[in-house]
Amino acid sequence: MDKFRIVGPTRLAGAVAAGGAKNAALPALAATLLGDAPVALDGVPRVRDVETMRRLLAHLGQQSEWRGGTLALAPGGEASPDDAPYELVKTMRASVLVLGPLVARRGHGRVSLPGGCAIGVRPIDQHLAGLEALGARVALDHGYVDVRADRLTGARFRFAMPTVTGTENLMMAATLARGTTTLDNCAREPEIVDLARLLVAMGARIEGAGEATMQIQGVPALAGAAHRVIPDRIEGGTYLIAAALTGGDVRLEGTRAEDLTPLLEWLAGAGADVEIEPGAVRVRRNGTLRARDMVTAPFPGFPTDLQAQYMTLMTQAEGVSTIIETIFENRFQHVAELARMGADIRVDRRTARVHGPTRLAGASVMATDLRASASLVLAGLVAEGATTVDRIYHLDRGYEAMETKLARLGARVERLRSAE
Ligand code: EPZ
């Protein structure tokens, strides 16, 4: 398995381009199952999860090919399989996003139930309850969920909690339902608004995407479209945190500051200079990094996908910061690895208290999930000496060419390829 070798400490400086959002590209790819004409997607990041989704779509009869920077997708035949096999779903939970489109477009979807995940149990009960509210018949069958409906019917459904892919799945399903669907207590992430933009371009009728209540008026059919996915606020946020962490000066280009709001407030509160320009954000830090408490929350709150990276930042801050993870019950696995580098972090269930600043020393550490691996790479940038981060395949799921982007900012980082 590939590893990263990072030599620190380093001060990052320069410009980096934001990649397209993984968590906008995955639902956009699934949405192409709804239409009966080709879809062209721009800005899709070349990360492992996108390739997994492409393999799943190919299994479902949906062909896709890269034409330069554009991913072109052509609709599959009615005869194509309509199941998402365990082999694919176990590597990527977001595979569940094909369920709504399959039931809505083909009347049947059979998806392997996503098992447990490193960061939490992550059930899909809300996805299923929502499809049942639209008239689908849901059955569990040998580790698969089997969902059928001749044609979905619009209804009102309230999510028990704001769920990102749950909102996306129901929004997609409702586009082809008979009548109007009202969804309450929706997630409001920018990736949901971006998906609605694509669906509307395909001919859907959606109001209120990005708000707690959304309305979707079903239509008989959807067509093709051309769409550019939004920049990745989590990838971009990771580089901006790295700038503040290393006492550097980084300009993130091709980004949307409004999607980064909570993070920018926290970075400024911790002592970084934050400048917002059209299409770009610049973060610099010269002075002291101050400890600042943080609680993760659904958008527009502080994103859980930046919690681990923020924790690494707080290991270098003056004082004690309290970090509370409210979204996932098991998202502190980076703590033990950071402690091996010398961090002083005390965890009590979903609360971590970070005592800083502590000098970090280079060590061999192990990535456990996508964002935990990013937090360890960041720690390697400020640690004394060499850090080796193992199981970098986690990072490759959601960061395109991170070692190249970091090296351009002055980092001493290399990928050690394994023979496996
Ligand atoms: C999305 O996951 C993202 N993934 C995650 O990013 C992100 O961490 C998460 O939203 C929260 O922001 C994609 O968009 C592909 P949720 P999702 O449903 O939709 C509970 C990354 O690093 N819940 O919003 O799976 C759930 O257990 C990944 O890129 C239910 O109980 O998350 C969690 O506690 C990791 N029942 C909470 O809701 C349900 O049916 C929020 O989860 C659905 C969710």
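This section describes the ligand site and the nonpolar cores of a predicted model. Local features required pLDDT of at least 70 and side-chain atom pairs pLDDT 80 or more, while totals for chains, interfaces and linings use all residues. Residues are numbered from 1 along each chain as its sequence is written, and side-chain values use heavy atoms, without hydrogens and water.

Polar contacts were taken as pairs of N or O atoms within 3.5 Å. An oxygen atom of the ligand lies 2.6 Å from a polar side-chain atom of Thr163. A nitrogen atom of the ligand is 2.7 Å from a polar side-chain atom of Asp125. For Lys22, a side-chain N or O atom is 2.9 Å from a ligand oxygen. The protein covers 86% of the 840 Å² of accessible area that the ligand has on its own (Shrake-Rupley, 1.4 Å probe).

The largest nonpolar core has 70 residues. Its members are buried (under 20% relative accessible area, 1.4 Å probe, protein chains only) and joined through side-chain atoms within 4.5 Å. Leu34, Met53, Val98, Leu152, Met171 and Leu199 touch the most other members. Helix α1 gives the most to this core, with seven residues. Beyond its neighbours within four places in sequence, Leu152 is in contact (heavy atoms within 4.5 Å) with residues including Val103, Leu131, Ala173 and Arg178. A second, separate core of 65 residues includes Val250, Ala272, Ala367 and Met402.

Technical notes: Polar contact = N/O pair within 3.5 Å; in protein donor to acceptor, adjacent residues only side chain to side chain. Buried < 20%, exposed > 50% of the residue type's maximum accessible area, 1.4 Å probe, protein only. Helix = DSSP H or I, 4+ residues; strand = E, 2+ residues; numbered from the N terminus.
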